[in-house]
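Here are my comments on the model, point by point. Please read them with the structure open.

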Amino acid sequence: MIVAMQELATEDQIDLVIEAMVDAGVGVHRTTGATQTILAGVGPTSSVDLTKFEVLPGVLHVHRISSPYKLAGRGFRPEGTVVEFANGVSIGGARVVVMAGPCAIENEVQIVETAKRVKAAGGSFLRGGAFKPRSSPYAFQGLGIPGLQLMFDAARANGLLVVSEVMEISQIEAMLPLVDCFQVGARNMQNFNLLRELGQVRKPVLLKRGIAATIEELLLSSEYIMSGGNYDVILCERGIRTYETATRNTMDISAIPVVKKLSHLPIVADPSHGTGHREMVAPMARAAVAAGADAILVEVHPNADKAASDAAQTLYLDQFDKLMSELRVIAAAVGRTF
Ligand code: PEP
Ligand code: MN
């Protein structure tokens, strides 16, 4: 860590900061310039709360140099993580993978029809929520485990893998045989008890960025899972809430190269929740592949207008087919396979 003192900081103020750093177990190297004093702290700074130094009298800035996340940081695995699944599918390698399906599993006909079309278009995962985190308690809450069983059967019949959201610890056990990848939704990104429990599971976890979470917070949340020994974590950018109201969320495409720089974990882009409008899904999906996303997660439904949840952002099947052929071209243009 680096503490830059204000130009007019007194010797007493500097001594107080040095004392606080030493108390925190940090070794201090002082540089006294012509106008300003810089204190470099070396040692176990990742667990130190920097804000307590920022508020000390005479302090101008405090910067962290080493990352606060050890297992999620790029340095832990400079070559990058490739998460392996059955069917020879992996996320984080050369191939851009597609995960597609309805927002919510609604009935057998819906999920079987979707599975066929996702497979025919070249998708690898069937997605769909059995447990739905809805803003209103009166909105459709999902079919639960019987719904997940329908999706699992439809996926397996079509050679697809399954990704579905887990909302609480008590659901993990029943979901385990029916999913290839657990999804942690945006609203649960900081449900630390759930994350710790998923650290004990030996199945990949797709961790979505919280609605108002920074990239650092996303990476710290992934650390909760990895510190339990489950290193198969896939991050997901799904848009964040900003002051812009033209889209449901603001799809942060720049999060993709930022995550690639800071972490070795694969990153998925979800332009459906990222925009909230079906006509904006394809442009953002194309942009995400161009920016280096390892997979794309999109909502698609055989009767999208009548979808029980997230209808406005759900692609029609023919829109999905068209998007798949576009992504193939973009992936090739950026040196990826599809
Ligand atoms: C979903 O994938 O259907 C979902 C609820 O996503 P998010 O957690 O990103 O809102
Ligand atoms: Mn949805």
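1. A term to begin with: a residue counts as near a molecule if one of its heavy atoms lies within 4 Å of it. Around ligand 1 there are 13 residues. The closest are Arg-127, Ala-186, Arg-187, Lys-208 and Arg-238. Keep in mind that this is a predicted model.

2. What is the make-up of the shell around ligand 1? Seven of its residues are charged, three are polar and three are nonpolar.

3. Now the polar contacts. The side chain of Arg-238 places a polar atom 2.6 Å from an oxygen atom of ligand 1. For Arg-127, an N or O atom of the side chain is 2.7 Å from a ligand 1 oxygen. Glu-299 also takes part: a side-chain N or O atom is 3.4 Å from an oxygen atom of ligand 1.

4. How much of ligand 1 does the protein bury? Taken alone, ligand 1 exposes 290 Å², and 97% of that is buried by the protein. The site of ligand 1 is the largest pocket.

5. On the domains: the assignment gives domain 1 as 2-66 and domain 2 as 83-333. Their C-alpha centres are 42 Å apart.

6. Two backbone angles deserve a look. Asn-87 is not a glycine, yet its phi is positive, about 65°. Asn-87 sits in the loop between strand 5 (83-84) and strand 6 (90-91). Asp-310, another residue other than glycine, has a positive phi near 55°. The loop that holds Asp-310 runs between strand 14 (295-299) and helix 11 (317-333).

Notes:
Residues numbered from 1 in each chain as written. Chains lettered and ligands numbered in written order. Predicted model: local features only at pLDDT ≥ 70, side-chain atom pairs only at ≥ 80, totals over all residues. Heavy atoms only, no water. Polar contact = N/O pair within 3.5 Å; in protein donor to acceptor, adjacent residues only side chain to side chain. Areas by Shrake-Rupley, 256 points an atom, 1.4 Å probe, with all protein chains shown as cover. 1 Å grid on protein atoms, 1.4 Å probe; cavity = no way out; pocket = protein on both sides within 12 Å on 5 of 7 lines; lining within 4 Å. Sits in = over half its atoms within 2 Å of the grid points. Nonpolar A, V, L, I, M, F, W, Y, C, P; charged D, E, K, R; others polar. Domains from an automatic or database assignment. Helix = DSSP H or I, 4+ residues; strand = E, 2+ residues; numbered from the N terminus.
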